[in-house]
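Trainee: I would like to learn how to read salt bridges in a protein model. Could you take me through a case step by step?

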Amino acid sequence: MTNKLLTNASYSICLVPPLIFLAYYNVRPFADSLCTNSASIASLRTSQKQNIGLAASRINGFVLKPGMSFSFNNTVGPRVNDRGFVAAASYEGTGTGRTVGGGICLVSSLLYKSALEAGLSVVERKNHSRPIGSVEPGYDATVAYPRYDLKIANPTDEPVKFDLTSTGNEIRVEIRGRRKAGDIHLSRRFARSSDTLSVVVERTQDGRLTRISSDRYKLR
């Protein structure tokens, strides 16, 4: 009888750690992938890849707590040579030039779209003056320190984490948190004239449709 009791007790003790682990696994922060967006950078110049990788590394692992906000410019910091950024091709007005930090708008654009898909609030964002090849119109976000910023707020009651990885072939943005019930869907409406493209982005969340942005791009 004593041996049987000891066996049962030992079994119970062995069972407790897995149960604790499972309970933690189900409630741990950042358990779910809320959204993922990526873009190929294989064809970009080495200078652009360097800027993109540096900006991604500065943001990677950022935890946005409930009620708090994220600033791209504050997190990435000034784009200057002393901080590792280099001159690279970038969009300037209706043309293309070279600026220190050129290329990182791809990072801000992917993060912007991901924020929308994750149900976060966008406090500040500016579209490019014309469509860019790497990002769909309406989902782009231009950044220029300190003039143009991308600011994202977390209106939920759970923290989220930004996971960014950059290789020689791809830049990838993932937002992780705890998935709540209800789907989020983004949609766009277009209007085109001979020299402009207008894009309205809307988000359907919990059955409610909200206009996110109304952008105009120059086509020539």
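Mentor: We will begin with the overall picture and then turn to the charged pairs. Please keep in mind that this is a predicted model. The protein has four helices and 12 strands, and buried residues make up 40% of its 220 residues.

Trainee: What lets two side chains pair in this way, and how many salt bridges does the structure hold?

Mentor: In general, side chains of opposite charge can pair when their charged atoms come close. In this structure there are 11 salt bridges. One of them joins E136 and R188, whose closest N and O atoms are 3.5 Å apart.

Trainee: Where in the chain do E136 and R188 lie?

Mentor: E136 sits in the loop between strand 6 and strand 7, whereas R188 belongs to strand 10, so that the pair, 52 residues apart, links distant parts of the chain. Salt bridges that share partners also join K113, E136 and R188 into one network.

Trainee: Which residue forms a salt bridge with R178?

Mentor: R178 pairs with E158, with 3.3 Å between the closest N and O atoms. Here R178 is partly exposed, with a relative accessible area of 31%, while E158 counts as buried because its value of 18% is under 20%.

Trainee: What can be said of R176 and E174?

Mentor: Their side chains meet in a salt bridge at 2.9 Å, N to O, and both R176 and E174 are buried.

Note on methods: Residues are numbered from 1 along each chain as its sequence is written. This is a predicted model: local features need pLDDT of at least 70, side-chain atom pairs count only at pLDDT 80 or more; totals for chains, interfaces and linings use all residues. Side-chain values use heavy atoms; hydrogens and water are left out. Helices (H or I, at least four residues) and strands (E, at least two) are DSSP runs, numbered from the N terminus. Buried means under 20% relative accessible area, exposed over 50%, partly exposed in between (1.4 Å probe, protein chains only). A salt bridge is a side-chain nitrogen of Lys or Arg within 4 Å of a carboxyl oxygen of Asp or Glu.
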